[in-house]
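Reader: Could we go through this model together? I would like to begin with the overall fold and then turn to individual helices.

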Amino acid sequence: MDTHDDAGSPPATAPVPPGVADPAHDLALLRAHVAGDRDAFAELFHRHRDRLWAVALRTMGDREEAADALQDALLSAHRAADRFRGDSAVTTWLHRIVVNACLDRIRRRQAHPTVPLPDGVHGDSGSGTGGVEPAAPVTDHDTALVVRQALAALPVEQRAALVLVDVQGYPVAEVARILGVAEGTVKSRCARGRARLAVLLGHLRGDVPPVTSGNPRPSEGVGSGPGRSRRDANQEDA
């Protein structure tokens, strides 16, 4: 699978403005991929690569790890496409796979600890994005690095919820579908994560903008069905 070549001429549908979700087009591309279209999955990935990459990078806190997690997620999505049942939007399904791949890597890393370098130290890994990284968060500076390190210190479930809600601006309802938990669980994880960040970043109170309590960005292709969780949806963080 090569997710980096141009997908060629798109299907005969109306063009979609950048940043605007088109669930019908996404679903058509996924179905075309399942039917054997060799270019459909690459086009689907390119439609969402920037946001998927941003979620992976913010969740992992390390560029190489994020690229590897994104590659793992894309391989999983590529192979599991025929099992997509439409209980959520395709973009929600893709984000769920990316977040799960990140959480799996974080848990494995915690089980076998290493000393990661700050994001931006590594060169291009060449994995996940074919050596050409999608648009990523702004260039590192001291405050951004401190904030990212504080995020990395949170429990993984709280970090994932905060990245999706406060950093990426997804509505709580969509984040609940992505993570496969109840909306109340997302709110609880965000509240606990914000409280921990307030302690960790107290010395930067004058430099760091307040963490958002909501998210004005509209949902992109939110489906109507609940996502499935590999964990107990009612399990609370420590």
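Author: The discussion below goes from the chain as a whole to selected helices and residues.

Reader: What kind of model is it, and how are residues numbered?

Author: This is a predicted model, in which local features need pLDDT of at least 70 and side-chain atom pairs count only at pLDDT 80 or more, while totals for chains, interfaces and linings use all residues. Residues are numbered from 1 along each chain as its sequence is written, and side-chain values use heavy atoms, with hydrogens and water left out.

Reader: What is the average pLDDT of the protein chain?

Author: The average is 74, and 62% of the residues score at least 70. Here pLDDT is the predictor's confidence in each residue, from 0 to 100. Over residues 1-20 the pLDDT is below 50, and this stretch has 30 contacts in the model beyond near neighbours in sequence; a contact means heavy atoms within 4.5 Å. Residues 216-238 also stay under 50. For that stretch the model has 64 contacts beyond four places in sequence.

Reader: How many helices and strands are there?

Author: The protein chain has eight helices and zero strands. Helices (H or I, at least four residues) and strands (E, at least two) are DSSP runs, numbered from the N terminus.

Reader: And what share of the residues is buried?

Author: Of the 238 residues, 45% count as buried. The term buried means under 20% relative accessible area, exposed means over 50%, and partly exposed lies in between (1.4 Å probe, protein chains only). Among contacts with a separation of 6 or more, 79% are between residues 24 or more positions apart.

Reader: Let us turn to α1. What is its span?

Author: Helix α1 covers residues 23-34, and its 12 residues reach 17 Å from the first C-alpha to the last, close to the 16 Å expected at 1.5 Å a residue. That expected span is 1.5 Å times one less than the number of residues in the helix.

Reader: Which of its residues are buried?

Author: The buried residues of α1 are His 25, Asp 26, Leu 29, Leu 30 and His 33. They lie on the same side of α1 because they cover an arc of only 135 degrees around the axis, the arc being that of the directions from the helix axis to the C-beta atoms.

Reader: What covers them, and which exposed residues are on the face turned away?

Author: The cover includes α2 (40-60), α3 (63-80) and α4 (90-111). On the face turned away from the buried side, α1 carries the exposed residues Ala 24 and Arg 31. Just after the helix, Gly 36 takes a positive phi of about 115 degrees.

Reader: Moving on to α2, where does it bend?

Author: The bend is at His 48 and amounts to about 60 degrees. It is the angle between axes fitted to the seven residues ending there and the seven starting there. End to end, the 21 residues of α2 reach 28 Å from first C-alpha to last, close to the 30 Å expected at 1.5 Å a residue.

Reader: Why is α2 described as largely enclosed?

Author: Because 17 of its 21 residues are buried, α2 is largely enclosed by the rest of the structure. Helix α2 includes Thr 59, which counts as buried at 1% relative accessibility.

Reader: What does Thr 59 touch?

Author: Not counting residues up to four places away in sequence, Thr 59 touches Cys 102, Ile 106, Arg 159 and Val 163.

Reader: Now α7. What covers its buried residues?

Author: Their cover includes α4, α6 (156-167) and α8 (183-200). Seven of the eight residues of α7 (residues 172-179) are buried, so this helix is largely enclosed by the rest of the structure. Gly 180 follows α7, with a positive phi near 70 degrees.

Reader: Finally, is Arg 83 buried or exposed?

Author: Arg 83 counts as exposed, at 57% relative accessibility. This residue is found in the loop between α3 and α4.
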